Amino acid sequence: MKSPLRWPALAATCALVLTAAGLSPAATATSGASAAPVIDWSRYATQAIVAGRPPASSEVLMGIVHIAIADTVAGLGYGRPFRFAVRPDRKASAAAAVATAAYDVLRARVHPSPAGLDGTYADYLAGVPDGRAKTRGITLGRSVAAAVLAWRAGDGLDNTVPYVQAPAGPGVWEPTAPTPPVDIVLTQVRPLALRYRAQFRPDGPDPLTSKRYARDVAEVASLGRKDSTTRTAAQTETAMFWSEQTAQQWSRALLQLASDRHLSLSRAAQMLALVHVSAGDALIACWDAKFYYRSWRPVHAIQRADTDGNPRTQADPTWQSLLNVNHPEYPSGHACFTAGVTRALQAYFHSNLPLTMTSLVTNTTRVYPTLSAVRSDVREARILSGLHFRHSMLDGEQLGTDVANWISARH
C-alpha cells in the first residue's frame, strides 16, 4: 500500500567537496525527463555497494536504493511510485531529487560508508543550477529517502548472524573456506516485496540414492573438475565469464539496456526498481532455502561419494572444483539471481528480448538472442565451474522466476 508523506524541512546543505566519480551532473541538471540522473546514480550506487561485498547482499541493497530512486521520480510527476507516494512536485529538479534520494539511502545503509560519497554528492549538486528547482528537488529526494529508510529500519540486513554447523554426515553442507558462510545474514532479512522469505521455498535437493542425483554427480565430476580433461577451452571461458561479482555484472548490463533503448526518466527508474527488487527478493528467498536444506557442494559430494548410499556414484578424494564459493549448494544463487533479473525484464518489456553482457573477468562481450539464452548459459556455467548440480540450477531458476512473477504482477 502506498504511504502518504509530509514534507519535511530542508536539511542543511552539504559542504561542496569535489571528487572524481565519473558522473555528469551538468548534463542531468537541464534534462527534466532525461534518464541521465537515474542512470548516473544507479551506476554510482553499484560502485558504492559492491566494493568488497558479496553479490546477494549487494543486490538487496541495490533494491532498496532503486525503490528510493523510482519513488522520487514518481514524485516529480513521472509515472507511478513503487512503494511510497508523495505529493508531486513537477517544478523540482530531477537531478537534485534523484541524487539526494540515492545519496541519503547509500549514506545510511552502506557500511562502511563508501569512500568519497559525500564529495561525489556535493560535486553532483554543484552541477545543478542554484534556485528553487534545485532546492525543491533536494527536499523531494530527502523526503522519499526518509520514508524508505524508516520502512527498512530493523530489516535484519545489519545483523550479525553466527554460524552453527549442522551435524556432519552424507549430504550435509560444510564450509568450503575458513571464512564465515557468505551472506548468511540474508536468512534474517525482511524481503523487499515478498510477504515472507519462504514464500516460494523449493522442494529440496534430490535424494542421495536417486538416479537423477547420481547423474548430476557424474556430470559435474567430469566437467567441473579443476583439471578436467573433458571441459573444453570454450567451456572454461563460459565458466569464467560468469564468475564476476554478479550484482556488478548485471548492473552494467541493465544500464546499457536502458541507454540502448532510450528509456525515459520514469521508464528507466521503473525498470531498474522492478529488476533489482525482484533479484533482491529472489536472493533472500534463495538464501532461506540454502540454509534450510544445507546441502553439500559437489566437492564434498564427490570426495565422499562412498558415504552417500548410492551405488551409482564413485568417490574421488582428490577431486577439486574449478571455482569455489562458501555457502550451501541448493538452490543455486546464480540461478536465482539470473532468473529474477531476466523474468522481471521479460515482464517489463513484454518480450524475451536480446541482451548484451560483458565480463570484467574475461574481458569479453556476449550477445544473447533472448533472455532465455542468458539463463541457459548461466546454467551450464555453474556446472562447468564445479559449483552446482543441474537440479539445483533448475530449481534456482524456478525460484527466481516465481519471485519475479509475483512482484511483477503487483508492481
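Helix α9 (residues 246-260) and helix α10 (residues 265-293) pack at an angle of about 155°, their axes lying 11 Å apart, and the two helices are therefore roughly antiparallel to each other, a label given to angles over 145 degrees. This is a predicted model, in which local features need pLDDT of at least 70 and side-chain atom pairs count only at pLDDT 80 or more, while totals for chains, interfaces and linings use all residues. Residues are numbered from 1 along each chain as its sequence is written, and side-chain values use heavy atoms, with hydrogens and water left out.

Helices (H or I, at least four residues) and strands (E, at least two) are DSSP runs numbered from the N terminus; axes are lines fitted to C-alpha atoms, for helices over the stretch in contact, with angles running from 0 to 180 degrees between N-to-C directions. The crossing of α9 past α10 is right-handed, meaning that the near helix is turned clockwise from the far one by less than a right angle. In this pair L254, L255 and A258 of α9 meet M271, L272, V275 and H276 of α10, where contact means heavy atoms within 4.5 Å.

Helix α2 (residues 36-50) has two such partners, α3 (residues 55-75) and α5 (residues 117-126).

| Pair | Axes come within | Crossing angle |
|---|---|---|
| α2 and α3 | 10 Å | roughly 155° |
| α2 and α5 | 12 Å | roughly 165° |

The angle with α3 makes α2 roughly antiparallel to α3, and α2 passes α3 in a right-handed crossing. By class, the contact of α2 with α3 has ten nonpolar, four polar and no charged residues, among them W41 and I49 in α2 and L61 and M62 in α3. Here Ala, Val, Leu, Ile, Met, Phe, Trp, Tyr, Cys and Pro count as nonpolar, Asp, Glu, Lys and Arg as charged, and the others, Gly among them, as polar.

Towards α5, α2 is likewise roughly antiparallel and the crossing is right-handed. A36, P37, D40, W41 and Y44 in α2 meet L117, T120, Y121 and Y124 in α5, a contact that divides into seven nonpolar, one polar and one charged residue.

Strand β1 (residues 355-359) runs antiparallel to strand β2 (residues 364-368), joined to it by five bridges, where pairing requires that DSSP finds at least two bridges. T358 stands opposite T365 in β2, and N363, in the hairpin with four residues between the strands, takes a positive phi near 55°.

As for confidence, the chain averages a pLDDT of 92, with 92% of the residues scoring at least 70, pLDDT being the predictor's confidence in each residue, from 0 to 100. Over residues 1-32, however, pLDDT stays under 50.

Conventions
Angles under 35 degrees count as roughly parallel, over 145 as roughly antiparallel, 65 to 115 as roughly perpendicular and the rest as oblique.
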